[in-house]
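Please work through the exercises below with the sequence and the model side by side. Each task is followed by a solution that goes step by step.

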Amino acid sequence: MRSEGPPRTARWLLQHFGSSPSNESVIGDLEESYASGHSALWYWKQVLVTIVVAWFAEIASNKVKTLSILAISCIHLIAVGTVFRYLASGAANPLTSFTFTNLLPYSWWGHNIIFWPVDWLLTWSPLFLISLTAGWTVAASSRGRARAMILTAVMFSCSVLAVPTCRMLLNFPNVPPYFGVRELFVPFQTIVGIVLGGGLRTRPAAISLKKGRTYA
Amino acid sequence: MAREYLGSFELMVILTLIRLGDNAYGVPITKEIEELSGRDIAIGSVYAALDRLEQKGFVYAELGESTPERGGRAKKYFRVTATGLAEVREAQRTLTKLWQGLPQLRGGKA
């Protein structure tokens, strides 16, 4: 028996994305098995299989709900794309222009050290807010199955964003680094926004059974 | 209500629960199936089957003790219900009938 715990990242993933009704017991069983001598690789494999199997089981038993989550994800991605196209249409986004002409001294526009953070913040924060709202909506509309449905939204968004992200990466040497990084951050913040927005709505896993017999 | 049937992995899990009796929780169930089948089994797959069996009313669960090596998490013990036991008997009868009179299976060679 060993003293150090199982891989933290794997355990975090299982705690936050494991959608089995028995998730807490699964984590306990995996920790017990790991303490008895299994390897970190074994633990990772178990965690990934557990997340995928529980996720598929939830999707299979909630097909209508899954379709509605996919519809929410489609609307979310269209909104992100439309708003990003609007904000990134020029050298500076319209919100940045407004800020430097009305709120900040206009002379600051010429200082990169001030301009860049303001421009990035005003480009990303509306997009991040949209993704946060999408994650929250997914969790709020899937009571009891929030984790599985957030994972569905994340996987769907990842698969849709994979192609444009690869295209951006291939095109990265041909655009100024400032624009390249600004574009590449969009898929990243989209996924993080969904996860965090869903997390705001999802409480830590509660053990569904009290001690003693619950079903006869 | 439509009648619920046992899938092949569910049948393996429920038979293991009967074998283990009072000590049937995730770890020993998975070990027993691995030993008897000679295959690597993921604990997550066993729990997915147990959750399905619980939904069908073939097993019930109760929380047991928590230990330090489990990170303070309680064990979830599973027991077979009377309906589950009846379903296993039915599956046994059906499979026995299906196995009888098959010349390809005689002699224990594939």
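This is a predicted model: local features need pLDDT of at least 70, side-chain atom pairs count only at pLDDT 80 or more; totals for chains, interfaces and linings use all residues.

Residues are numbered from 1 along each chain as its sequence is written, chains are lettered from A in the order in which they are written, and side-chain values use heavy atoms, with hydrogens and water left out.

**Exercise 1.** Determine which elements of chain A have the lowest and the highest mean pLDDT.

Solution. Begin with the chain average of pLDDT (the predictor's confidence in each residue, from 0 to 100), which is 84 for chain A, with 90% of the residues at 70 or above. Next, compare the elements (DSSP runs, with helices as H or I of at least four residues and strands as E of at least two, numbered from the N terminus): the lowest mean, 41, belongs to strand E1 (residues 212-213) of chain A, and the highest, 94, to helix H3 (residues 40-61) of chain A. Finally, residues 205-216 of chain A have a pLDDT below 50, and this stretch has 26 contacts in the model beyond near neighbours in sequence, a contact being heavy atoms within 4.5 Å.

**Exercise 2.** Describe the order of the elements in chain B.

Solution. Chain B holds four helices and two strands, and from the N terminus their order is α-α-α-β-β-α. The C-alpha trace of chain B spans about 55 × 35 × 20 Å along its principal axes.

**Exercise 3.** Find how much area is buried between chain A and chain B.

Solution. First count the partners: 29 residues of chain A are in contact with 29 residues of chain B. The buried area (the accessible area, with a 1.4 Å probe, that two parts lose on being put together, summed over both) is about 2400 Å², of which 55% comes from carbon and sulfur atoms. Then apply the salt-bridge rule (a side-chain nitrogen of Lys or Arg within 4 Å of a carboxyl oxygen of Asp or Glu), which finds four across this interface. Glu31(A) and Arg73(B) meet in a salt bridge, at 3.5 Å from N to O.

**Exercise 4.** Decide whether Lys75(B) is buried or exposed.

Solution. Locate Lys75(B) in strand E2 (residues 74-80) of chain B. Lys75(B) counts as buried because its relative accessible area is 11%, where buried means under 20%, exposed over 50% and partly exposed in between (1.4 Å probe, protein chains only). Leaving aside residues up to four places away in sequence, Lys75(B) touches several residues, including Glu32(A), Tyr25(B) and Glu62(B). By contrast, Ile18(B), in helix H1 (residues 8-20) of chain B, is partly exposed because its relative accessibility is 38%.
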